[in-house]
Amino acid sequence: MAFLTEQRYQTILDLLRQEDVVKVNDLSARFDVSIETIRRDLKYLEDQHLLRRIHGGAVKASPTAETTQREERQVRFWQEKLELGETACRLVREGQVIAMDASTTNHAAAIALKKHFQSLTVITNYLPVINELSQKQGFTILIPGGVCRYGEQSIIGPMAEENMSALHADVGFISMSGISLDGGMTDFGIDEITIKKKIMQNSSVNYVLADSSKFDHTSLIRVCSLQEVKAIVTDSKLSPETEARFIKEKIAILHK
């Protein structure tokens with residue numbers, strides 16, 4: 001069986017949950033790839049603080065549970081997020097103001113924006129997006145004040161909400177952890193949801209950015225109805241059956 005890079009990452013992390021150590025030789029045989037490929041995989045996962053490399057293999061890392069959740073989301077469906085980020089760029093024009101909430105999906109979108117545009121103003125409360133775009137000459141990054149939530153790398157709280165309320169964007173990119181015809185747009189991040197709503201209230205047009213795994217799932221808190229956004233930007237792995245059901249309800253779906 002051929003494994004994609006992201007599938008190898010996830011399988012390695014799954015193995016480490018079950019065992020104390022994984023070995024390079026075993027992984028090479030399991031995935032039918034070279035030892036050098038496995039070493040690159042382990043280096044990438046170590047750079048994401050998801051494991052610690054040792055001679056001949058890797059062992060579990062020991063970050064906080066909160067950090068682990070965010071960084072595992074960074075790895076999961078990363079290629080799909082990069083793909084939908086490219087699609088999101090079709091919705092942006094040079095010189096516009098873009099508001100982006102805190103999510104690994106928006107990090108992927110920021111990578112695409114950095115590649116395709118020379119002059120944008122970006123409003124965001126997410127440190128990885130700030131770090132990604134702050135060195136891009138021609139980009140202006142507006143950052144709300146507030147409390148930095150370490151595990152999620154987001155800036156939250158009343159001050160951040162007040163700052164966000166004062167800023168208008170041409171385009172809002174909002175992430176969701178659940179999208180369903182029954183439940184609408186839902187998310188689990190209680191502290192971040194108010195920021196999402198501020199962005200939506202103060203953007204001329206809003207798009208939800210969500211990889212195809214988020215469809216037909218309902219998360220903890222309802223953020224808005226499906227009709228409150230212009231369209232959902234996703235990846236090309238969304239099943240035709242799922243897409244047809246949403247289109248039948250007049251929900252616009254954009255993908256590669």
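## A parallel helix pair

Helices α8 and α9 run roughly parallel to each other in this predicted model, because angles under 35 degrees count as roughly parallel and their axes cross at roughly 10°. The two axes come within 9 Å, with α8 covering residues 158-165 and α9 covering residues 190-201. From α8, the contact is made by Ala 160, Glu 161, Met 164 and Ser 165, and α9 answers with Thr 194, Ile 195, Lys 198 and Ile 199. Sorted by class, the contact of α8 with α9 has four nonpolar, two polar and two charged residues.

The protein chain has an average pLDDT of 90, and 93% of the residues score at least 70. Residues 63-68 are a stretch to watch: pLDDT stays under 50 there, and the model has eight contacts beyond four places in sequence for them. Where pLDDT is low, the predicted coordinates should not be read in detail.

## Two buried residues with polar partners

Let's start with Ser 154, which lies in strand β8 (residues 154-156). Ser 154 counts as buried because its relative accessibility is 0%. Its side chain makes a polar contact with the side chain of Glu 192, at 2.7 Å. Leaving aside neighbours within four places in sequence, Ser 154 is in contact with Ala 102, Asn 125, Val 147, Cys 148, Arg 149 and Glu 192.

Glu 80 sits in helix α5 (residues 78-88). With a relative accessible area of 7%, Glu 80 is buried. Which side chain makes a polar contact with that of Glu 80? The partner is Lys 237, at 2.6 Å. Not counting residues up to four places away in sequence, Glu 80 touches Glu 6, Asp 211 and Asp 235 as well as Lys 237. Glu 80 and Asp 211 are 131 residues apart in sequence, while their C-alpha atoms are 6.1 Å apart in space.

Ser 119 is found in the loop between α6 (104-116) and β5 (120-124). Is Ser 119 buried, partly exposed or exposed? Its relative accessible area is 34%, so Ser 119 is partly exposed. Arg 8 is 111 residues from Ser 119 along the chain, and the C-alpha atoms of the two are separated by 37 Å.

Phe 139 belongs to strand β6 (residues 139-142). Phe 139 counts as buried, at 9% relative accessibility. Beyond four places in sequence, Phe 139 touches Leu 113, Lys 114, Phe 117, Gln 118, Ser 119, Leu 120, Val 122 and Leu 133.

## Positive phi in two loops

Most residues other than glycine have a negative phi. Asp 32 has a positive phi of about 60° although it is not a glycine. Asp 32 lies in the loop between α2 (24-31) and α3 (35-47), and is exposed, with a relative accessible area of 68%.

Lys 250 also has a positive phi, near 65°, in a residue other than glycine. Its place is in the loop between α10 (240-248) and β15 (253-254). At 77% relative accessible area, Lys 250 is exposed.

How values were computed: Residues are numbered from 1 along each chain as its sequence is written. This is a predicted model: local features need pLDDT of at least 70, side-chain atom pairs count only at pLDDT 80 or more; totals for chains, interfaces and linings use all residues. Side-chain values use heavy atoms; hydrogens and water are left out. Axes are lines fitted to C-alpha atoms, for helices over the stretch in contact, and angles run from 0 to 180 degrees between N-to-C directions. Helices (H or I, at least four residues) and strands (E, at least two) are DSSP runs, numbered from the N terminus. Angles under 35 degrees count as roughly parallel, over 145 as roughly antiparallel, 65 to 115 as roughly perpendicular and the rest as oblique. Contact means heavy atoms within 4.5 Å. Ala, Val, Leu, Ile, Met, Phe, Trp, Tyr, Cys and Pro count as nonpolar, Asp, Glu, Lys and Arg as charged, and the others, Gly among them, as polar. Buried means under 20% relative accessible area, exposed over 50%, partly exposed in between (1.4 Å probe, protein chains only). A polar contact is a pair of N or O atoms within 3.5 Å; within protein, one must be able to donate a hydrogen and the other to accept it, and residues adjacent in sequence count only if both atoms are side-chain atoms. pLDDT is the predictor's confidence in each residue, from 0 to 100.
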